[in-house]
Structure formats: structure tokens, C-alpha cells
Amino acid sequence: MGDVLLAIESSCDDTGAAVFVDGELRSNVVQSQMVHQKYGGVVPEVASREHLKAIVPVVTEALSKAELRAQDVNAVACTRGPGLLGALMVGYSFAKSFAASQGIPLINVDHMRAHILAHLIEEPKPNFPFLCLTVSGGHTQLVIVRDAFTFECIGQTLDDAAGEAFDKTGKMLGLPYPAGPAIDRLAKDGRPVFNFAKAKVDAFDFSFSGFKTSVLYFLRDKRSADPDFIQTHLSDLCASIQTNIVSVLMERLKEAAQHHGITEIAVAGGVSANSELRNQLSVLASQNGWNSYVPKIAFCTDNAAMIGITGYIDWKEGHQSTFDMAPDPRLTYATH
Ligand code: KG4
Ligand code: ZN
């Protein structure tokens, strides 16, 4: 049967389970929590309770899709963080109990490293070293990936993450949480006719708080003259917000790639599902002679397949975690 690894992800509002056999993905199940929409953002305690409901059915479905049973599993990988502690604890406790009861190894996986190593799930895979722009709801990082264990973070956000910038400005437009996918959809019928602030920060860092405030004030002023402004200009507003965020990300990515002389370029995380970001990346790639890599949408947003591939690599390297949520001592994000 080969080496069977079960992977679990529960860091935020998606409960995920995946099964790998000899390093090949056999199943990948995700249950997203829709309950948070009515609150306009993820409510941590609600997230933990939803994970509790979903964890057993999601794992059962992943095993059944892989046509395997619990006793066939030889190792368990699970997200240790970063994420919401209560949410992480559900997946982690499940994984720990599963591993302990079967007498098999448990492998702790860093969620951000897993977003990047999602590129190793299937072909085409980037060659090392590659530069990865990781853009999610909680993080925005530019990382030089020297190999599967050596990550150098050369830039990050000083305040809001790119996904947060989408979600919070989308909320100002009255869009449900998470607003990123809705902005992407609505922007297709609009034009980027409105200009918002673009922060200039040092090195390869990012800042979105000034942009967010400029959208807020712009909408306040426009609505005081015309209360229907948002409804009548929704597509153009979405296109303008999207263009602003994506252009900031792409400018920094280009500067970093040129500075470090890297032409293998990858994007990762939920925001890399954005269609404008994908278009801009392919334009930049052809202009700059890059090989660019964008994961399948299912591997961009939170999923257990990325936890599985990372756990599999660590497992095969002989790395096994203790039964606590301690950070992986070999994982260092060197910042400057
Ligand atoms: O990686 P992810 O699923 O979860 C975190 O680890 O945060 O990222 C979620 C983020 C949310 O902010 C969501 O609005 C954003 O990814 N997102 C998008 C799109 N799809 C998801 N943002 C812009 N365009 C999209 N198509
Ligand atoms: Zn994530």
C-alpha cells in the first residue's frame, strides 16, 4: 500500500483533511464555514465550534475518497500555527489523538511554509531558489525559498494583510465576508477609474492601512453627496480597489525579483486566487523572462493538501514532532 499520510488543517475557518500515498495526493476535502458571513468576519469561538462539528466527517470523507481506512495511515501531519488558537487546537487535538491511538508519528506543520510548499503538490514545480509572494487573509510576505527547509522572509506587511485589505474595503462596500472573491467577480464588469492611496514603505515591505483609510474617506465624501454612490458604482469601485492592491503587490514582487536576481517566481495563499493578480503576474513574467507558478485555486486558499505535502517532506527527512505545538526548530524566517 505504501506510505499513507493523513493531513489536517484547522487554522481559521476551513476544516480540511487530505490523504497522501507515497507522496501523491489521493484526496483533499475542505469544509468552509459560511456561518461567519453574518458577523462580517471570523468569530474565533464560533470557528472552534464549527471545526468540532466538521473534523470527524471531513477526515472520514478524505479517507473514504482515498479508499483507505484509519488503520492504513502511517503518519499524521497537522497545522501547528499560525492561526486562531482555539481553531488550531481542534485539528491538533484530533491529529494528536489519532497518532497516539495508532502509535504513528505526528508532524507539526507551519501554515505559512505549507502555503508556499503547496507548489510541490504537483507539476509544474518551481526550481529552487524561488521567490514566493504569499498573500492570505492574515499574511503578506515575500520569501526566498532556498530549499524545502530554508525560507528567507525579505519583506512583509507592516499592518494589514493583502486579503484583509480586500475584506475590509469590501465590507465598506457592503459585501459579505470574505469580500476578496466578490470583489474579484464584480471587478470584471468595472474599470479602475478611482485612485486610492498607495503607501511607499522601506525595502520590500508592504502597508495597506493608508489605502484602507483612503477608501473609507472617499466613500464617506461621495456618499454625502450621493447616498446611492456605492450601488451605482459598485463594479468600478471593486475594479479600482483590486487594481490598487494588486499593483502594489506586483511592484514589490518585481523589485524583489530584480534585486535578488531570481526568475523562478511563485505566488501562494488565498489572494493568489485573484484573477487580476494572475493576469498581472503572467504579463510581468513575459516582460521579465520569469517562470511563474500559480497553484490551483484549491491549493491557494486554506487546505490540507498543502499541510500534507509539507508534512510528507518532513517525515521523509526523518523529522518527527513532539506531541506539543512547539515551533519547528529548523524553520527560520530570516528577516532583515
Ligand atoms: O489563505 P487563505 O484561504 O486563508 C488565510 O490563511 O488567511 O486566504 C483567505 C483570504 C481572504 O482574505 C479572501 O478574501 C482572500 O484570501 N481571497 C481573495 C480571493 N479568493 C480568496 N482575494 C481576492 N481575490 C480572490 N479571488
Ligand atoms: Zn492560509
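This is a predicted model: local features need pLDDT of at least 70, side-chain atom pairs count only at pLDDT 80 or more; totals for chains, interfaces and linings use all residues.
**Strand β7 and its setting in the chain**

Strand β7, which covers residues 140-147, is mostly shielded from solvent, with six of its eight residues buried.

On one side of the sequence, β7 is paired with strand β6 (residues 130-135), the two running antiparallel and being joined by six bridges. Within this pairing, Cys 132 stands opposite Val 143 of β7, and the two strands form a hairpin in which four residues lie between them. Strand β7 is also joined to strand β8 (residues 150-156), again in antiparallel fashion and through six bridges. Here Ile 144 has Glu 152 of β8 as its bridge partner, while the hairpin that links β7 to β8 passes through two residues.

These strands belong to a protein chain whose secondary structure comprises 11 helices and 11 strands. The C-alpha trace of the chain spans about 65 × 45 × 30 Å along its principal axes; because a compact globule of 336 residues would have a radius of gyration near 20 Å, the value of 20 Å found for the protein chain agrees with that expectation. Of the 336 residues, 54% count as buried, and among contacts between residues at least 6 apart in sequence, 72% join residues at least 24 apart.

Key:
Residues are numbered from 1 along each chain as its sequence is written. Chains are lettered from A and ligands numbered from 1 in the order in which they are written. Side-chain values use heavy atoms; hydrogens and water are left out. The radius of gyration is taken over C-alpha atoms; the globule rule is 2.2 Å times the number of residues to the power 0.38. Buried means under 20% relative accessible area, exposed over 50%, partly exposed in between (1.4 Å probe, protein chains only). Contact means heavy atoms within 4.5 Å. Two strands pair if DSSP finds at least two bridges between them.
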